[in-house]
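Please read these notes with the structure open beside you, and take the points one at a time.

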There are 2 protein chains.
Amino acid sequence: MAKRADRPADPLKLIGLLWREQPPAPRSGITTRQVVALAVDLADREGVDAVTIRRVAEEAGVTAMALYPHIGGRSELLELMFDHVAGQTYERAPAPVAAHWRERLEAVARANWAACVRHPWITDLSPGRPAPGPGTSAKYETELRALDGIGLSEVEMDQTLTALLALVTGAARAAVAAHRVREHSRTSDTEWWRAIEPALAAAMGDSDRFPVAGRVSRAVGESTGRANDAEGAYRLGLSLLLDGLAGVVEGRRA
Amino acid sequence: MAKRADRPADPLKLIGLLWREQPPAPRSGITTRQVVALAVDLADREGVDAVTIRRVAEEAGVTAMALYPHIGGRSELLELMFDHVAGQTYERAPAPVAAHWRERLEAVARANWAACVRHPWITDLSPGRPAPGPGTSAKYETELRALDGIGLSEVEMDQTLTALLALVTGAARAAVAAHRVREHSRTSDTEWWRAIEPALAAAMGDSDRFPVAGRVSRAVGESTGRANDAEGAYRLGLSLLLDGLAGVVEGRRA
DNA sequence: ACCTGAACACCGTTCAAGT
DNA sequence: ACCTGAACACCGTTCAAGT
């Protein structure tokens, strides 16, 4: 959750900022690109909420108001940051070019999961109509190529990609949130539950109102040491989704 | 994206607020339950960002500071709101009790999709370690029962549910975000693209750098009239996931 | 015990003024 | 053309003071 999404980014202004090659050589020596990189670093270290205009300006060594010509406004800055990290998704990870489509899609999922681990704050941003920037466009192209030529229609390619990314991002979100609570309280999940349990039991009145949930929670706690296993959910979910896709693809080939 | 997630909710304070039966009969006549219901209505109408302490207090007819004993703080209020709507997920929708597990899981997905449509702001909230409140607990129990007795281990039940909800929520998030932009600009996606295209083409320099993306975008635009079909992605993704699960379940029965 | 008013330390953004 | 300082209209939250 970030601050002030009140005003959505102005699309036309944003496109100008996203695609412009020549920064307007300002007095202060700052460029859009540099400011965005600074903001991304800040978000990596302290989260989106730390990315305030004033704070970014301070890091850039200018006043807050000097930033506006370079970044538009806070909403536009967030979109620029999003496009920036989107463009880096397949820089460190190998491009998904394996021979078998299943390996390619697994590489896509892995790269997106890694991006969420490296930049946890992107799970806080609403994707919305994805920013039509250079980074996002390149990422989309790379990912669609992994899905191309396996017998799906164009619409199915887009829907499959959206579904796969929804699964990865959704699970990553849960993992990130759990990790934050864990870090914040400096306790493991089991410790946390032990601390919480007396208050909870007293409040619930001990009645076994949630038998299946209780049984599952105990099993998950014992086997993973955590209240939820988001990464396991991601792996299993991906595997099921790809199994389903294999059925469709092979069904058509026959 | 909402305001101020800086401070996470205090777990023990939160549990007290979530489970207490007897509101402390205050002078003003307001109760935690009423304030939460008011805040949910406000969020439904104007989004999470409109849910400020001052604004909610105004709606409740008290000063901002009078709210604190009832809701803890803003973070806790958001968790209370989340638990409130979680508890309503299966009130309007029929409980997932069909004979076949596939129908039960489809009902689970449908109910969660409907909740996101009714309360779009819940897609802005980080789920995190889910608030251990009465609503969330009841929802979890209902959903696990839909997965019980079909041959999965407890850990697999939890992971499957998490994956399914990640898929539904992730797709719903994209759908909500697209809907917001559409509503804000009062234009359809195709109109929006037409307005954007000249600026974009000029910026990109017409070079066909994204051939597959271009081909897919055109096809999606022609067949759905939209830039993205999040609902289609949800349907297809769910169907593939359940196909995959059917393979696992049937494989074990044999 | 509960509520209030004033205050504190923040926000994003505007706008006239400087260079 | 770019940057600055001051200001505006907000935030969440604290805290002493009232009843």
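Predicted model: local features only at pLDDT ≥ 70, side-chain atom pairs only at ≥ 80, totals over all residues.

1. On the side of α2(B) the contact is made by B:T32, B:V36, B:A39, B:V40 and B:A43, while α5(B) contributes B:L77, B:L80, B:M81, B:H84 and B:V85. Sorted by class, the residues of this contact between α2(B) and α5(B) are eight nonpolar and two polar, with no charged residue among them.

2. The residues that form the contact are A:W101, A:R104, A:L105, A:V108 and A:N112 from α6(A), together with A:K139, A:E143, A:R145, A:A146 and A:L147 from α7(A). In this contact of α6(A) with α7(A) there are five nonpolar residues, one polar residue and four charged residues.

3. How do helix α8 (residues 154-185) of chain A and helix α11 (residues 230-253) of chain B cross? Their axes come within 8 Å and cross at roughly 75°, and α8(A) and α11(B) are therefore roughly perpendicular to each other. From α8(A), the residues A:E156, A:Q159, A:T160, A:T162 and A:A163 meet B:G232, B:A233, B:L236 and B:G237 of α11(B). The contact of α8(A) with α11(B) divides into three nonpolar, five polar and one charged residue.

4. How the copies are related. Two copies of a chain are related by a rotation about an axis and a shift along it. In this model, chain A is superposed on chain B by a rotation of 180° with 0.0 Å of shift along the axis, at an RMSD of 0.0 Å, and that is the relation of a two-fold axis. The same surface serves both copies, since 100% of the contact residues of chain A recur in chain B.

5. The make-up of chain A. Along its sequence, chain A has 11 helices and zero strands, and its C-alpha atoms fill a box of roughly 65 × 60 × 30 Å along the principal axes. Of the 254 residues in chain A, 50% are buried. Among the contacts in chain A with a separation of 6 or more, 73% are between residues 24 or more positions apart.

6. Over residues 52-71 the chain is 80% helix and 0% strand, and the end C-alpha atoms are 12 Å apart.

7. A:E79 is found in helix α5 (residues 74-92) of chain A and, at 23% relative accessibility, counts as partly exposed. Neighbours within four places in sequence aside, A:E79 is in contact with A:A9, A:L14 and A:A131, and its C-alpha atom is separated by 8.8 Å from that of A:P130, 51 residues apart along the chain. B:P120 lies in the loop between α6 (101-118) and α7 (134-147) of chain B, and with 22% relative accessibility B:P120 is likewise partly exposed. With neighbours within four places in sequence again set aside, B:P120 is in contact with B:V176 and B:R180, whereas B:P120 and B:L105, 15 residues apart in sequence, are 22 Å apart from C-alpha to C-alpha. Finally, B:E103 has its place in helix α6 of chain B and is partly exposed, with a relative accessible area of 46%.

Definitions and conventions: Residues numbered from 1 in each chain as written. Chains lettered and ligands numbered in written order. Heavy atoms only, no water. Least-squares fit on C-alpha atoms with pLDDT ≥ 70 in both. Contact = heavy atoms within 4.5 Å. Helix = DSSP H or I, 4+ residues; strand = E, 2+ residues; numbered from the N terminus. Nonpolar A, V, L, I, M, F, W, Y, C, P; charged D, E, K, R; others polar. Buried < 20%, exposed > 50% of the residue type's maximum accessible area, 1.4 Å probe, protein only. Axes fitted to C-alpha atoms, helices over the stretch in contact; angles between N-to-C directions. Parallel < 35°, antiparallel > 145°, perpendicular 65-115°, else oblique.
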